[in-house]
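Me: Can you walk me through how some of the helices pack in this one? Here it is.

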Amino acid sequence: MAPSSDWWAKESWRGTPVVVKMENPNWSMVELEGPIEDDFLMSGSSVRARDKGKNAKQLTWVLLLKAHRAAGCLTSIAFAMFRLASVVRRRLVSGHLDTNIDRNAVKSLFYGCIMVFLCLSLFLLGLEVTAYLTGWHFRISNLQLPNLLDNQFGVYSAFNWVYLKWVFIRIEYLAPPLQFLANACIILFLIQSLDRLVLCMGCFWIRIKKMKPVIQNSVLDLETGENGYFPMVLVQIPMCNEKEVYHQSIGAVCNLDWPKSKILIQILDDSDEPIAQALIKEEVKKWQRKGICIVYRHRVHRDGYKAGNLKSAMNCNYVKEYEFVAIFDADFQPASDFLMKTVPHFKDNEELGLVQARWSFVNKDENLLTRLQNINLAFHFEVEQQVNSCLTNFFGFNGTAGVWRIKALEDSGGWLERTTVEDMDIAVRAHLRGWKFIFLNDVECQCELPESYEAYRKQQHRWHSGPMQLFRLCLPDIIKSKNPFKCSDTSKFYFLQICYRKKFNIIFLFFLLRKLILPFYSFTLFCIILPMTMFIPEAELPAWVVCYIPATMSLLNILPAPKSIPFIVPYLLFENTMSVTKFNALISGLFQLGSAYEWVVTKKSGRSSEGDLTSLVQKGQKHQRGVPVTDLNEIEESKQQELKVSKNKKQNRIYTKELALAFLLLAASARSLLSAQGVHFYFLLFQGLSFLLVGLDLIGEQF
């Protein structure tokens with residue numbers, strides 16, 4: 001059978017599975033699989049007619065199926081948007097502006113600058129959308145621009161003339177400095193990323209080599225003290241209105257395994273609430289009746305905050321009898337063997353001034369906010385502090401869960417109230433005096449994380465403004481410091497080399513790179529420069545800066561907490577969101593502006609481990625001997641009433657700076673659609689939504 005002009009087949013193919021191809025200049029190629037029979041070999045027009053009918057029916061069913069799925073998706077999206085809108089409406093109606101933070105003149109100026117950027121971006125967005133709709137969806141080169149401007153009154157309308165002027169201004173005057181600033185931030189970003197990569201490689205090296213501090217002579221017998229090391233240890237717990245957690249920390253330190261004749265516990269209470277004072281006093285008396293050597297100290301005036309409290313306690317005459325001091329915050333619950341694992345490291349090591357333990361968290365899985373905090377702190381302890389302890393022999397004291405040699409504290413000048421990071425202050429001064437530090441990654445001390453965004457924000461403001469205060473104050477001392485090493489069998493050249501290396505480590509790596517550059521470029525690059533490049537497209541940020549390297553760095557940060565890998569995207573977005581608070585705190589601390597010296601006690605919820613909850617239940621079932629039942633009842637009733645009042649007063653806040661940046665980023669994401677920048681659009685969209693959720697206080701315990 002001879003093939004026709006528009007299809008072909010062969011007699012020998014009858015009854016065998018073949019692929020028949022029908023070609024026609026006016027039709028696309030169609031492939032049919034199956035056996036060829038005699039009745040199939042018909043004219044090309046009949047085949048096309050039958051296939052056309054089948055294809056039309058199949059296409060109808062496919063379109064109906066897709067329409068059904070699209071309707072379902074639209075319904076679910078509409079329902080989700082309706083719920084989100086209702087939540088936003090409730091937040092706007094019942095929420096309160098963050099007046100405690102934004103009332104400051106400096107921070108109001110910072111908020112005003114953000115609002116200026118927002119208004120400008122909305123205006124430019126309207127201008128760009130109008131230009132796009134009128135056909136200006138292309139880039140104008142510098143060579144084309146003068147010719148277009150010459151014809152401004154001939155061909156183009158007034159809007160076109162205005163838009164051309166704007167294009168001329170952004171090409172000639174705005175794009176070059178913006179690109180220069182973007183390149184500078186990219187360089188800082190790469191340097192900081194390299195530092196983060198080196199730290200991770202150091203952590204892997206420590207794990208491979210199994211490097212960790214080892215006790216030379218372990219404690220063998222607690223009862224007799226034979227072959228053991230039991231020096232006099234002072235335990236301090238500074239607290240202020242810590243009604244939720246005081247009993248947990250006091251109970252934990254009173255159960256430490258150490259000879260009772262060689263330990264003294266100081267409860268340093270700065271509370272100004274009578275109920276808190278009464279509760280803490282009663283808890284101390286309870287343990288005193290059990291034979292624990294514990295004392296209660298209260299200051300009338302809270303001068304110097306925590307540093308002033310510790311300094312006042314160290315001035316007691318009986319402190320001279322003690323060799324070491326262990327410090328715990330009010331929400332920390334050390335294990336009973338904490339001193340047994342930390343104090344022996346000081347034996348036969350006279351140059352050792354500090355032993356720092358790691359933190360663990362009883363509420364790390366409480367909500368999304370605590371999960372994201374756990375990622376940050378896990379990297380801080382597992383990578384930063386462990387690597388710095390092993391390789392540079394210096395890291396910042398965490399203010400709690402550490403044991404100091406009292407001689408090192410006195411030699412370094414003691415506690416000073418000049419900053420809000422007294423722990424970092426004493427660590428820097430002790431390091432300059434030649435004292436060594438070690439970090440124990442396998443010794444953990446339980447505590448709790450802030451569960452509300454308000455508490456976390458205030459904590460981060462203090463943690464980032466304090467280092468800048470300290471850097472400004474101690475920079476001259478670091479530069480002028482002499483070589484503090486006591487080794488006499490080393491050459492002078494080696495002394496100078498070590499001294500300069502130590503200064504470089506403290507100034508550049510510790511302060512500039514990790515305390516100043518990180519918050520600066522994070523806010524400037526991703527919250528200011530990136531949105532501006534959408535409206536000034538002549539200045540560009542590569543996709544690898546916006547997406548790939550930040551994602552890689554976030555993955556490295558999350559490795560110490562592998563169970564949190566599913567939260568890598570929220571972690572990246574939330575870190576950029578927190579850059580606003582950190583940048584604001586950085587500027588306030590560096591230039592002594594605003595509330596740089598404000599100390600706000602982090603709000604606690606009183607989370608406990610399972611064992612602590614059991615002890616608390618047993619405690620509530622019986623009263624202590626010698627304590628009037630009426631007094632206890634009055635205290636408990638007052639406490640319950642205060643808790644009810646606090647719950648009624650707890651209201652969601654509306655954070656204006658975060659909301660303003662949310663709308664700025666969302667406007668920039670809309671502008672990126674006009675330029676068809678996929679990576680930039682998705683990043684700006686999700687980052688804007690992250691700022692929106694945080695600005696409406698939809699993260700943390702309330703949500």
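Me: What should I know before we start?
Reply: This is a predicted model, where local features need pLDDT of at least 70, side-chain atom pairs count only at pLDDT 80 or more, and totals for chains, interfaces and linings use all residues. Residues are numbered from 1 along each chain as its sequence is written, and side-chain values use heavy atoms, with hydrogens and water left out.

Me: OK, at what angle do α5 and α10 pack?
Reply: About 75°, with the axes 9 Å apart; axes are lines fitted to C-alpha atoms, for helices over the stretch in contact, and angles run from 0 to 180 degrees between N-to-C directions. α5 and α10 are therefore roughly perpendicular to each other (65 to 115 degrees; under 35 is roughly parallel, over 145 roughly antiparallel, the rest oblique). Helices are DSSP runs of H or I, at least four residues, numbered from the N terminus.

Me: Which residues in α5 and α10 meet?
Reply: Among them, L199, C203 and R207 in α5, and F379, E382 and V383 in α10. Contact means heavy atoms within 4.5 Å.

Me: What do the side chains of E382 and R207 form?
Reply: A salt bridge, 2.7 Å from N to O (a side-chain nitrogen of Lys or Arg within 4 Å of a carboxyl oxygen of Asp or Glu). The pair links distant parts of the chain, with E382 in α10 and R207 in α5, 175 residues apart.

Me: How many salt bridges in the whole structure?
Reply: The search finds 26.

Me: Switching topic: how do α16 and α20 cross?
Reply: At roughly 60°, and their axes come within 9 Å. They are therefore oblique to each other. Residues that meet include L573, F574 and V580 in α16, and F683, F686 and F691 in α20.

Me: And α15 with α16, at what angle?
Reply: Roughly 110°, with the axes coming within 10 Å. α15 and α16 are therefore roughly perpendicular to each other. L555 and I558 are among the α15 residues there, and Y571 and L572 among those from α16.

Notes
Helices (H or I, at least four residues) and strands (E, at least two) are DSSP runs, numbered from the N terminus.
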